[in-house]
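Student: Hey, can you walk me through this one? I'd like to know what to look at.

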Amino acid sequence: MKKFVILGGGYGGLTIALNMLEKDLPEDTLLVLIDRSPFQGLKTEYYALASGTIAETHIRVAYPNDPRLLLTFGEVSSVDLNNKQILFEDQEPLSYDWLVIGLGCVDSYHGIVGAKEYSSSIQTLCQTRATYQRINDIAPYGQVSIIGGGLSGVEMAAELRESRADLNIRLIDRGPSLLSAFPSNLQQYVREWMTEHHIELRPQVSLVRLDGGDLYNGDEIIKTDATIWTAGIQPNPIVEALNVPKDRQGRILLNEYHQIPDYQEVFVVGDCASLPFSPSAQAAQAQGKQIAEAMLSIWKGDTPRLGKIKLRGTLGSLGKKAGFGIMGKRTLMTGKIARVLKSGVLWKSKRHFG
């Protein structure tokens with residue numbers, strides 16, 4: 001049997017598997033999905049798990065149960081593109097005929113000394129569990145500092161306020177405003193919400209070092225009981241180790257079919273792929289659908305015809321009762337409607353509806 005291996009069961013990888021299983025696969029080909037976890041975790045909701053407002057079972061998504069799909073669980077250590085092998089930490093290598101790399105991202109600490117050692121993360125399910133426990137251990141009136149004023153940081157701060165009214169919450173960013181990628185009136189709405197809910201905003205802070213509960217903003221020391229890192233991402237170290245052309249962010253450069261040009265049996269999806277827009281679950285799913293279409297065309301001996309990926313917009317939550325979003329290029333939403341829409345997106349994701 002030939003093997004089409006999907007490395008990573010996140011939004012992109014799972015979308016590819018689901019789309020391929022809906023079609024007629026070649027009889028001599030087996031789909032193999034590899035992940036460290038026996039289920040997908042909905043990463044866009046990890047902030048809520050870390051805050052304690054939802055249970056982990058709420059964001060688990062089962063992988064498909066299909067005889068054409070082989071599920072393999074383990075910790076991947078590297079990918080050998082020349083020998084077409086995936087190497088594991090504690091298993092025998094696995095060969096492939098076609099491969100999708102969808103290993104996601106890790107935190108980017110921007111060279112800040114002590115950031116990795118003295119902050120908590122919400123990048124993986126395992127790290128999010130640890131962050132939840134860390135927050136639980138903080139006594140009433142303790143201080144939590146969230147580093148990064150982008151979408152993840154804002155959602156984390158808002159959800160934590162809903163979970164722990166007793167805590168002091170601080171949102172730190174090196175820029176002049178929260179959500180710098182969003183329109184100014186939406187930024188203002190979120191700032192006002194944060195102020196109303198007693199979340200301290202610290203813009204234009206340039207951290208140089210973390211040392212336990214001390215955050216160094218130049219000569220200023222900012223005290224904290226716990227630090228949560230949401231200040232940027234970079235591709236998985238396994239991707240970083242691959243000797244292929246990459247963009248300035250370390251993401252792999254691809255051709256029009258999402259393949260590595262020098263290894264056209266290898267596709268890349270999600271946070272590891274160099275795309276003309278920021279990494280997101282929506283982008284990974286859209287790209288995953290196109291990769292499935294491309295591979296099915298190749299199996300039929302046809303030239304793939306892929307259109308331009310069009311993203312619908314971005315939604316964010318401010319606790320369970322408010323939210324914000326931008327749909328298309330101009331339509332802005334704030335308040336309950338945006339939150340209801342995000343809940344609908346979560347409902348669809350849990351049921352494999354995109």
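Student: What kind of model is it, and how are residues numbered?

Tutor: This is a predicted model: local features need pLDDT of at least 70, side-chain atom pairs count only at pLDDT 80 or more, and totals for chains, interfaces and linings use all residues. Residues are numbered from 1 along each chain as its sequence is written, and side-chain values use heavy atoms, with hydrogens and water left out.

Student: Which feature does UniProt place at residues 3-288?

Tutor: The UniProt record, an unreviewed entry, has "domain: FAD/NAD(P)-binding" there. UniProt positions are given in the numbering used here, feature names are shortened, and annotations may be inferred rather than shown by experiment.

Student: How far apart are the end C-alpha atoms of that span?

Tutor: For residues 3-288 they lie 18 Å apart, and the span is 23% helix and 28% strand. Helices (H or I, at least four residues) and strands (E, at least two) are DSSP runs, numbered from the N terminus.

Student: Ok, helices. How do α1 and α7 pack?

Tutor: Helix α1 (residues 11-21) and helix α7 (residues 281-299) meet at an angle of about 40°, and their axes are 7 Å apart. Axes are lines fitted to C-alpha atoms, for helices over the stretch in contact, and angles run from 0 to 180 degrees between N-to-C directions. The pair is therefore oblique; angles under 35 degrees count as roughly parallel, over 145 as roughly antiparallel, 65 to 115 as roughly perpendicular and the rest as oblique.

Student: Which residues make that contact?

Tutor: From α1, they include Tyr11, Thr15 and Asn19, and from α7, Ala284, Gly288 and Trp299 are among them. Contact means heavy atoms within 4.5 Å.

Student: Is α1 mostly covered or mostly exposed?

Tutor: Mostly covered: eleven of the eleven residues of α1 are buried. Buried means under 20% relative accessible area, exposed over 50%, partly exposed in between (1.4 Å probe, protein chains only).

Student: What about α4 and α5, what's the angle there?

Tutor: Helix α4 (residues 151-163) packs on helix α5 (residues 184-196) at about 30°, with the axes 11 Å apart. That makes α4 roughly parallel to α5. Val154, Ala157 and Ala158 of α4 make the contact with Val190, Trp193 and Met194 of α5.

Student: Switching topic: how many residues are in the largest nonpolar core?

Tutor: It has 64 residues, and those with the most contacts inside it are Phe4, Val154, Met156, Val190, Met194 and Leu318. Apart from that core lies another, of 28 residues, including Ile34 and Leu242. A nonpolar core is a set of buried Ala, Val, Leu, Ile, Met, Phe, Trp, Tyr and Cys residues joined through side-chain atoms within 4.5 Å.

Student: And what does Met156 touch?

Tutor: Leaving aside neighbours within four places in sequence, Met156 contacts Tyr47, Ala50, Ser51, Ile122, Ile135, Ile146 and Ile228.

Student: Charged residues now. Is Arg251 buried or exposed?

Tutor: Arg251 counts as buried, at 11% relative accessibility. Arg251 is in the loop between α6 (237-240) and β19 (259-260), and beyond its neighbours within four places in sequence, its contacts include Asp271, Cys272 and Phe277.

Student: Where's Asp214?

Tutor: Asp214 is in strand β15 (residues 214-217) and counts as buried, at 17% relative accessibility. Not counting residues up to four places away in sequence, Asp214 touches Arg209, Ile221, Ile222 and Lys223.

Student: What's the phi of Lys84?

Tutor: Near 55°, a positive value in a residue other than glycine. Most residues other than glycine have a negative phi. Lys84 is in the loop between β6 (76-80) and β7 (85-88), and is partly exposed at 33% relative accessible area.

Student: And His110, where does that one lie?

Tutor: His110 is in the loop between β10 (105-107) and α3 (125-136). His110 has a phi near 55°, again a positive value, and counts as partly exposed at 39% relative accessibility.

Student: Last one: where is Met327?

Tutor: Met327 is in strand β22 (residues 322-327) and is partly exposed, with a relative accessible area of 28%. Met327 and Leu315 are twelve residues apart in sequence and 8.2 Å apart in space, C-alpha to C-alpha.
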